[in-house]
Amino acid sequence: MTVVRISDDALALACGAGAVAHAFAEAGSEIERVSSWGMHWLEPLVEIDGQGFGPVSPADVQAILAGHSDKAIGPIVQHPFIAGQQRLTFARAGRTRPLSLEDYAATGGWTALARARAMAPADVIAEVTGSGLRGRGGAGFPAGVKWQTVLAAAAPRKFVVCNADEGDSGTFADRMLMEGDPFQLIEGMAIAGHAVGAWQGFIYIRSEYPHAIAKLRAAISLAASQIAPFQIEVRVGAGAYVCGEETSLLNSIEGKRGEVRAKPPLPAIEGLFGCPTVVNNVLTLAAIPHILTDCGSSLYDSLGIDRSKGTMPIQLAGNIKHGGLFETAFGITLNDLIHGIGGGTASGRPVKAVQVGGPLGAYLHPSQFDLPFDYEAYSRANALIGHGGVVVFDDTANMGALARFAFQFCAAESCGKCTPCRIGSTRGVELIDRIRSGQHVPDLVAALPQMHNARNHARSREEELALLEDLCETMQYGSLCALGGFTPYPVRSALKHWPEDFA
Ligand SMILES: NC(=O)c1ccc[n+]([C@@H]2O[C@H](COP(=O)([O-])OP(=O)(O)OC[C@H]3O[C@@H](n4cnc5c(N)ncnc54)[C@H](O)[C@@H]3O)[C@@H](O)[C@H]2O)c1
Ligand SMILES: Cc1cc2nc3c(=O)[nH]c(=O)nc-3n(C[C@H](O)[C@H](O)[C@H](O)COP(=O)(O)O)c2cc1C
Ligand code: SF4
């Protein structure tokens, strides 16, 4: 009987590993579930007699068993997607039982918290600062500096808030961490609490993650005595992208409308219920236990390039053959990620564009694919690393339509507090429609002195494009938060590299 080994992690199961296993069993194979490959792929992997296949769907089963499948990828553990990773944050995920305190302790769990609690808060923060850890939510602000601000703020109550809203398109690392290794996040939050003098934490998580919510609730109750007197509560969002923005998120936890607050004051000074608050992303907090174990801080600092230190859990998605989570030190290029690791597009067509950093990130052109994954290098190229989402498009994508979508997304998700975003996004959709259709409206302002003759002053394409740049500038500099402020990134990059798609 053929023995089929199949990936058994939560991600693979969510992506249909169960259906693939069922199809092999129906075909008379014996199934062996494997967790040692860890959580990686967006589609299931199988291995038969040491030969790996992926991505596999139930439709591939007969060809694989008959020995003429084109999905063969060699031995799985040697595939670059698995062999090429440097896993710190995801060292356990997929390999241990997520809700087993025994597994967690046996793999070094709670040692960082014990060590941190034996240290003075300022020393803990010095180690976090020394590691070079920057916020993994997207802005890359140094975690240690944020914690120091909260520690220094004199107040009777302080909070630690974990941002698990994970709204960016093509991202799923927060979910995988919460489902695959929830104790690590809990330990990171308890360490943050000790470091800044907070005894209460909140995890704000999107309602679209029911499995992660259930895992977190169970894990918090199991770990209560380990982290006491620190306490954590889970709060579930209601599906607004803007509630991932930290001040909107704080309003939402407080039971208010999810609307952005002006900064300053920063949450680190005046955050939840007006108290000094650490707001950090799931991955930032989950990296802390590794950094706080012996030598972790210097090891972390030695990984990566320039000011981008440590590892980044990069999420490969969209039109890519092997999508999934790839944790590696900063510095890797898109060429390596997309072609070397991801195997090119799933469609087999050429890659046209890659959006890095979610819906507010720039579209990168293949000529930019040797850019190192590094906050500053991306910033110099007018692009974002964001939360590490990499979404691939093949040559059938229309970049004019995607630029329109950027404005449309902003219009749908805007909290409405400031004019450049609330009005600019809607006007942006109309403007792109006019540019793409070639139907330009009369420019009434330009025509004011001769109102009777306004129809003779329809804007030319060049004037519409100038207006688009004007709108982008207004949104970039005039918006209160990055939702309106960063929408110009996808728009400008699409126009710059693919002007033909705006014809
Ligand atoms: N993860 C996602 O799903 C997602 C979705 C949308 C946007 N984003 C990212 O959000 C980013 C923008 O976020 P932002 O508007 O919060 O960025 P920001 O630059 O205003 O702040 C980043 C963090 O640093 C803190 N901070 C800044 N200066 C500080 C100081 N002097 N002392 C202490 N703390 C300080 C802020 O309070 C915040 O927590 C974008 O880069 C984008 O990539 C992420
Ligand atoms: C519109 C918008 C949405 C955001 N969504 C998220 C999110 O889902 N998760 C996240 O961690 N940060 C998100 N951020 C960034 C947060 O405001 C904040 O910078 C982050 O939580 C700080 O944590 P970090 O320093 O660990 O990255 C968003 C920002 C904006 C402007
Ligand atoms: S930029 Fe948009 S989302 Fe941000 S505060 Fe202004 S209206 Fe709200």
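Modeller: What follows sets each label against its cut-off.

Colleague: What are the ground rules?

Modeller: This is a predicted model, where local features need pLDDT of at least 70, side-chain atom pairs count only at pLDDT 80 or more, and totals for chains, interfaces and linings use all residues. Residues are numbered from 1 along each chain as its sequence is written, chains are lettered from A and ligands numbered from 1 in the order in which they are written, and side-chain values use heavy atoms, with hydrogens and water left out.

Colleague: Why is Trp-110 called buried?

Modeller: Buried means under 20% relative accessible area, exposed over 50%, and partly exposed in between (1.4 Å probe, protein chains only). Trp-110 has 9% relative accessibility, so it counts as buried. Its phi is near 75°, a positive value in a residue other than glycine. Trp-110 lies in the loop between α5 (101-106) and α6 (111-117). Helices (H or I, at least four residues) and strands (E, at least two) are DSSP runs, numbered from the N terminus.

Colleague: What makes Phe-273 partly exposed?

Modeller: Phe-273 has 43% relative accessibility, so it counts as partly exposed. Phi of Phe-273 is also positive, near 50°. Phe-273 belongs to the loop between α12 (246-253) and β9.

Colleague: And what is the label for Thr-149, buried or partly exposed?

Modeller: Thr-149 is partly exposed, because its relative accessible area is 27%. Thr-149 lies in helix α8. The C-alpha atoms of Thr-149 and Pro-276 are separated by 8.5 Å, although the two are 127 residues apart along the chain.

Colleague: How do you know that β9 is mostly covered?

Modeller: Five of the five residues of β9 are buried. In a regular strand the side chains alternate between the two faces of the sheet. Both faces of β9 are covered: Thr-277, Val-279 and Asn-281 are buried on one side, Val-278 and Asn-280 on the other.

Colleague: What makes β6 and β9 a pair?

Modeller: Two strands pair if DSSP finds at least two bridges between them. Strand β6 (residues 159-164) and β9 run parallel and are joined by five bridges. Val-161 has Val-279 in β9 as its bridge partner.

Colleague: Why is strand β14 said to be largely enclosed?

Modeller: Six of the six residues of β14 (residues 351-356) are buried, so the rest of the structure largely encloses it. β14 pairs with strand β16 (residues 389-394) in the antiparallel sense over five bridges. β14 also pairs with strand β15 (residues 363-364), antiparallel, over two bridges. Gln-355 has Val-391 as its bridge partner in β16 and stands opposite Tyr-363 in β15.

Colleague: What makes a space a cavity and not a pocket?

Modeller: On a 1 Å grid over the protein atoms alone, a cavity is a set of points where a 1.4 Å probe fits but cannot get out. A pocket is an open set with protein on both sides within 12 Å along at least five of seven lines, and lining residues have an atom within 4 Å of a point. Grid points are joined across faces, edges and corners, and a volume is the space filled by probe spheres set on the points. By this rule there are three cavities of 30 Å³ or more. The largest pocket has a volume of about 1,200 Å³. Of the 46 residues that line this pocket, the closest to its centre are Gly-137, Gly-138, Ala-139, Gly-244 and Glu-245.

Colleague: Which residues line the second largest cavity?

Modeller: Its lining includes Gln-355, Tyr-363 and Pro-490. Helix α17 (residues 399-413) gives the most, with four residues.

Colleague: Where does ligand 3 sit?

Modeller: A molecule sits in a cavity or pocket if more than half of its atoms lie within 2 Å of its grid points. Ligand 3 sits in the largest cavity. Of the 13 residues around ligand 3, Cys-415, Lys-417, Cys-418, Cys-421 and Cys-481 come nearest. A residue is near a molecule if one of its heavy atoms lies within 4 Å of it.
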